[in-house]
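Dear colleague,

I am handing over the structure below for your records. Please look through it first; my findings follow.

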Amino acid sequence: EMSVGGFDPAGYLDSVMAKLQPYMRANDVLTFHWYPGQGSLTDWANALDAKSRGQEVWLTETGDNTCSDTEQRNWIDYIVNTFDYGSAAHHWTKVFIYYLWDAYTNCAANLVRTDGSNRPAYVDYRNRATGQSLQLVPVNLLSAAGDFVSAERGGGGEVNATRSAAGAWETFDLLDMNGGLLRDGDPVALQTSGGLYLQADQGGNGPMAAIGFAPGAWETFTLVDVDRPGGLVRYGDRIALRSSLGYFVSAELGGGGAMTVTRTTVGSWETFRMTGRK
């Protein structure tokens, strides 16, 4: 296991591998650590692969220590893309993002917050690791009365339809759970700016809350496109969301108050205009 740094991976590895090779056994694994600022990850990955002489290679520490969810996600994507697209290295078998959870802080290299909720980078990492390229699409939901749906304080409690403008609390990352293009009838989850998921408690017939830690059954909704039945969903379409037990999400009185998951049919209170940035 080795750390790296600098911009001459070939020269560094020539020296290290010359000393290691006499002691290497067939089942030994070469591992190293790489973080932003330590030269080009592609150069290091390719150089280590070239010097491995067939040994299995792991990247056992990597990631980004940042309070910015966007910056952290960008680095995770860059790291995984290096091995998916930017490197011909064929001996690489494992990549470990350091680190998963910290009991004391929500703002470091950890991918999971102290309360168990996921930062957006965790979703990206999990999906890429399991072969699911689930796109995170930013959306806003506008009620029939013209109020935006809001996860109060970015998540952790109530969901209301009370805002006249869309900010962070009113913007959700939509996950198309079956991947591909977003279509009428697809299962979706909605993640708040705080990393929690909109949830129909017990699967429906009660209030909506923004307290889900992961997109399970209670956090998964069937997207119904009112304007394009059976077609592709587009920004500007009117949609409805059906819970796992068949109840529709509703803005009581069409907006101006609480969000519930209690209706069995789609009316104006259960219809939302899906907007966002393209």
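I begin with the strands around β15. Strand β14 (residues 248-251) pairs with β15 in the antiparallel sense, and four bridges hold this pairing. Within it, valine 249 has valine 261 of β15 as its bridge partner. The hairpin formed by β14 and β15 has five residues between the strands, and in it leucine 253 takes a positive phi near 65°. Please bear in mind throughout that this is a predicted model.

Strand β11 (residues 206-212) runs antiparallel to β15 and is joined to it by two bridges; here glycine 206 stands opposite valine 261. Strand β7 (residues 159-163) also pairs with β15 (residues 257-263) in the antiparallel sense, over two bridges. In that pairing, alanine 161 has glycine 257 as its bridge partner.

How many disulfides does a search of the whole structure find? The search finds one, and it joins cysteine 67 to cysteine 107, with an S to S distance of 1.7 Å.

Threonine 66 is found in the loop between β3 and α3. This threonine counts as buried because its relative accessibility is 9%, which is under the 20% cut-off. A polar atom of the side chain of threonine 66 lies 3.0 Å from the backbone nitrogen of serine 68. Leaving aside neighbours within four places in sequence, threonine 66 is in contact with Glu71, Gln72, Cys107, Ala108 and Arg119. One of these contacts, Cys107, is also a partner in the disulfide.

Lastly, I turn to helix α2 (residues 41-51). Its buried residues are Leu41, Trp44, Ala45, Ala47, Leu48 and Asp49. In general, residues three or four places apart in an α-helix point the same way, because the helix has 3.6 residues a turn. The elements that cover the buried residues of α2 include β1 (2-3), α1 (9-20), β2 (29-33), β3, α3 and β4. Just after α2, arginine 53 takes a positive phi of about 55°.

With kind regards

How values were computed:
Residues numbered from 1 in each chain as written. Predicted model: local features only at pLDDT ≥ 70, side-chain atom pairs only at ≥ 80, totals over all residues. Heavy atoms only, no water. Disulfide = S-S within 2.5 Å. Buried < 20%, exposed > 50% of the residue type's maximum accessible area, 1.4 Å probe, protein only. Polar contact = N/O pair within 3.5 Å; in protein donor to acceptor, adjacent residues only side chain to side chain. Contact = heavy atoms within 4.5 Å. Pairing = 2+ DSSP bridges.
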